[in-house]
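My entries follow the model below.

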Amino acid sequence: DFEISPETKEKIKNTVLNLPKDESWLTPYHLYQGFWTIPHFLEGDILAHHFFKAEPTDIFICSVPKSGTTWLKALTFAIVSRTHFNTNSSPLLQKVPHDCVPFLPDFATNFDIREPGLPLISTHVPYTCLPKSALELDSNCKIVYICREPKDAFISLYHFIAKRRDKELSLDKALDQFCQGNSLYGPYWDHVLGFWKASQDKPGKVFFLKYEEMMKDTAFYVKKLAEFMDCPFSPEEEKQGRVQEIMELCSFESLKTLEVNKSGIWQPSLARVENNTFFRKGKIGDWKNWLTPDMAERLDKIMDEKLSGSGLTF
Ligand code: A3P
């Protein structure tokens with residue numbers, strides 16, 4: 001029940017319009033507080049940073065785009081809503097996972113983005129740009145973060161953008177941009193490091209996941225996620241195979257073949273994305289099919305340098 005004044009909204013609109021811009025990825029990215037993103041999302045991200053009131057029960061689902069967000073949304077949604085739905089009645093069968101979890105940029109037009117009964121809220125902003133209320137010391141809300149091996153994340157981003165543009169996007173040029181830190185919600189390393197450090201400082205608050213580890217032992221991480229979100233699987237549920245059911249429902253193969261994910265459209269906050277672009281290959285190491293050894297080495301070197309001393313490796 002609160003209103004943000006028209007002046008505040010106008011001020012934020014103008015801030016977004018006047019930020020440094022770059023069109024190397026064929027669409028304007030604006031630089032805000034050290035990270036690049038599309039203006040369509042920024043207004044809601046900034047408003048939410050200042051005005052979103054985090055509740056102790058909120059769980060923020062965070063990631064750099066192309067790191068496994070769709071999968072993490074599906075899994076967390078299926079886990080927290082499993083007492084309401086079984087796998088035959090899950091909304092995941094009818095809606096793209098992005099439509100099952102409220103998305104923070106939508107705060108620009110709707111201050112009441114929470115879904116009743118659902119603790120999840122998703123965002124791509126870096127750690128320091130999360131809603132202030134969520135970062136306060138006494139805030140008990142939780143944060144789940146997924147990241148991915150940078151070369152695979154880069155290749156996934158490249159295809160995601162290239163597929164959606166008419167003009168050709170050169171892989172070399174895209175890699176240049178990525179290595180300079182100019183990528184969607186990048187610099188990639190800053191994004192990952194922000195959440196990594198937070199997870200080291202506050203392990204009870206921030207759960208840091210890697211796509212590759214989740215792929216290797218999904219059942220383990222489904223159970224860990226449930227524990228972290230305060231809804232652990234009971235021994236009976238485990239015996240009934242609920243963990244496996246959720247894994248299968250959310251697997252790349254099942255989601256990819258659903259009609260909604262083949263032909264539907266996701267339309268968050270002024271953006272428009274064909275759902276099928278979220279389901280490309282879903283494999284570890286696809287970068288080997290695209291990057292020359294020199295290109296791979298270039299990105300590896302930068303990542304090693306940026307992550308050195310942090311304890312985080314890929
Ligand atoms: P690829 O482009 O390598 O195939 P995001 O969801 O953050 O946009 O990330 C998209 C990447 O996750 C894509 O990687 C996509 O194929 C993969 N992906 C989508 N759904 C998945 C799932 N259920 N399990 C594993 N990977 C998935």
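How many cavities of 30 Å³ or more does a search of the whole structure find? I get 3. A cavity here is a set of points on a 1 Å grid over the protein atoms alone where a 1.4 Å probe fits but cannot get out. Volume is the space filled by probe spheres set on the points, with points joined across faces, edges and corners.

Ground rules next. This is a predicted model, where local features need pLDDT of at least 70, side-chain atom pairs count only at pLDDT 80 or more, and totals for chains, interfaces and linings use all residues. Residues are numbered from 1 along each chain as its sequence is written, and side-chain values use heavy atoms, with hydrogens and water left out.

**Largest cavity.** I read about 60 Å³ of space. Lining residues (an atom within 4 Å of a point) include Ala78, Arg82, Phe85, Asn86 and Arg242. Helix 11 gives the most, with 3 residues. Helices are DSSP runs (H or I, at least four residues), numbered from the N terminus. I sorted the lining into 4 nonpolar, 4 polar and 2 charged residues. Nonpolar means Ala, Val, Leu, Ile, Met, Phe, Trp, Tyr, Cys and Pro; charged means Asp, Glu, Lys and Arg; the others, Gly among them, are polar.

**Largest pocket.** A pocket is an open set with protein on both sides within 12 Å along at least five of seven lines. This one has a volume of about 930 Å³. Of its 48 lining residues, Lys66, Thr70, Phe160, Thr277 and Phe278 are closest to the centre. Helix 5 (150-164) is among the helices that each supply at least two lining residues, and its share, 6 residues, is the largest. The lining divides into 22 nonpolar, 15 polar and 11 charged.

**Second largest pocket.** I note a volume of about 190 Å³. Helix 1 (6-17) and helix 2 each supply at least two lining residues; helix 1 gives the most, with 4. Lys9, His40, Glu43 and Ser269 are among the lining residues.

**Helix 3 against helix 9.** The two axes come within 10 Å and cross at roughly 60°. That makes helix 3 oblique to helix 9. Axes are lines fitted to C-alpha atoms over the stretch in contact, with angles from 0 to 180 degrees between N-to-C directions. Oblique is what remains after under 35 (roughly parallel), over 145 (roughly antiparallel) and 65 to 115 degrees (roughly perpendicular). Trp71, Leu72, Leu75, Thr76 and Ile79 in helix 3 meet Thr218, Val222, Leu225 and Ala226 in helix 9 (contact: heavy atoms within 4.5 Å). I count 7 nonpolar, 2 polar and no charged residues there.
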